[in-house]
Amino acid sequence: MHWEIELLMMLVMITAALIALHIRSLLAAVVTLNIFSFMSAGLMVSMGAIDVAFTEAVVGAGAVGIFNILAIFCTTRSSLD
Amino acid sequence: MKSASTSPIIQVAIRGLMPVIQLVALYVFFHGHYSPGGGFQGGVLLAVSVMLGRLALGMDMSQVVFRTGIAVGLSALGVLIYASTGLAALLAGGEFLNYAFLPIPGLDPPGLRNLGILLIEAGVTVGVMMALIAIYDEIVDSRGEASATATPEPEARRMEDVRKPREKGVDPGPEGPERTPVAP
Amino acid sequence: MRKSFHWLLLLALGVLLALAVCGLPARGDLKAPSHRAINPAGAPVAGTYYIRHAYADARTPNMVTVILADYRGFDTLGETLVVFTGSVSVLFILRRRKP
């Protein structure tokens, strides 16, 4: 039961990272990066490191997302390439 | 950012969400002795609640929650709380940051260490929260001056198409931190 | 003159750091202070002392908090200083003084 969940989380992480690389809308890229962060937090929970997972969830999915949205509002909304 | 979001859904949702996030942050901070969490996570959660208010309600309206311009000084105050806790132990005869030597009467060494951990967690909380808010305020401030000197046309266009994506973009931020402490 | 002084200062810092590194115990040294505790299996492991003494030392059930804030308090001070320095450097880069 355990390694299946970890495998699923890793697949979701890889998919989210690839989507964040290839999507044109930068806001959607931020959301997928937040998904990546939250999944890595879940992976750390499954490894037993609750404090690291908590920090990862708070910083990676909370503060970094807000700063990325702020950066998008300061520049352009869709990527050029 | 600079001006408030035009969508009433965002405004009402953020106004309801901010006190909840702050309450969870205080729980995380004060319960750090007994469960995962502590100073850093609580401080980031408090900063996230204030920054969400800045993002959705605009800089003018969110001055009620936290005033711009005092964040950097309070961040220094947080580091000062931490360092002076260590220094008090040093002056009372122990090593730097050895809380068993804190000059507080009526407590045995384990109780003193417990209290010292709480003190420095408070310092970390204040320091991290104010540092993040200061970074946000400086970025918004510098942008405001830059766009005032630039042509007003792209600003107006940006405000128009900013309306829809905010509904998607803001929400996943607080959901992550809020869901986690309930799990254990 | 001033540039050479700066280089000299940098070199002195480098020499100081190299001397400090030379004073550290070798990696895997069994006589190092962090390996003094023996775990139940009989091997010297650094975490054994913390696991045994964390609650008795600080009367705090969460062992991670005790290690972060008490045994490794200096690291956490450095971490807080890093965050504070980041905010101050952002202030210095982005703030423009109004004339």
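Leaving aside its neighbours within four places in sequence, which residues is A89(B) in contact with? The model is predicted, so that local features need pLDDT of at least 70 and side-chain atom pairs count only at pLDDT 80 or more, whereas totals for chains, interfaces and linings use all residues. Residues are numbered from 1 along each chain as its sequence is written, and chains are lettered from A and ligands numbered from 1 in the order in which they are written.

**A89(B) and its surroundings**

With those sequence neighbours left out, A89(B) is in contact with G94(B), F96(B), L97(B), N98(B), Y99(B), F101(B) and L102(B), where contact means that the C-beta atoms of two residues, placed from the backbone, lie within 7 Å. A89(B) is found in helix α3 of chain B; helices here are DSSP runs of H or I with at least four residues, strands are runs of E with at least two, and both are numbered from the N terminus. A89(B) counts as buried because it has 22 C-beta neighbours inside 10 Å, the scale being buried at 20 or more other C-beta atoms within 10 Å, exposed at 12 or fewer, and partly exposed in between. The C-alpha atoms of A89(B) and M59(B), which are 30 residues apart along the chain, are separated by 42 Å.

**The two chains in outline**

Among contacts in chain A between residues at least 6 apart in sequence, 50% join residues at least 24 apart; in chain B, residues 24 or more positions apart account for 70% of the contacts with a separation of 6 or more. Taken along the principal axes, the C-alpha atoms of chain A fill a box of roughly 45 × 25 × 10 Å.

**Nonpolar cores**

A nonpolar core is a set of buried Ala, Val, Leu, Ile, Met, Phe, Trp, Tyr and Cys residues joined through C-beta atoms within 7 Å. The largest one has 71 residues, and V44(B), A47(B), L132(B) and I133(B) are those with the most contacts inside it. Helix α4(B) gives the most to this core, with 14 residues. Apart from it lies another core, of five residues, with A89(B), Y99(B), L102(B) and L112(B) among them.

Residues up to four places away in sequence not being counted, V44(B) touches V58(A), V59(A), G62(A) and A63(A), as well as V128(B) and L132(B).

**Where chain A meets chain B**

The axes of helix α3 (residues 50-74) of chain A and helix α2 (residues 39-61) of chain B come within 10 Å and cross at roughly 25°. The two helices are therefore roughly parallel to each other, a term for angles under 35 degrees, with over 145 counting as roughly antiparallel, 65 to 115 as roughly perpendicular and the rest as oblique. On the side of α3(A), the contact includes F54(A), V58(A) and I69(A), and on that of α2(B) it includes F40(B), V44(B) and L55(B). The residues of this contact divide into 14 nonpolar, three polar and no charged; Ala, Val, Leu, Ile, Met, Phe, Trp, Tyr, Cys and Pro count as nonpolar, Asp, Glu, Lys and Arg as charged, and the others, Gly among them, as polar.

**Where chain B meets chain C**

This contact takes 32 residues from chain B and 26 residues from chain C. On the side of chain B that touches chain C, α4(B) gives the most, with 18 residues, and the residues of that side divide into 17 nonpolar, 11 polar and four charged.

Note on methods:
Axes fitted to C-alpha atoms, helices over the stretch in contact; angles between N-to-C directions.
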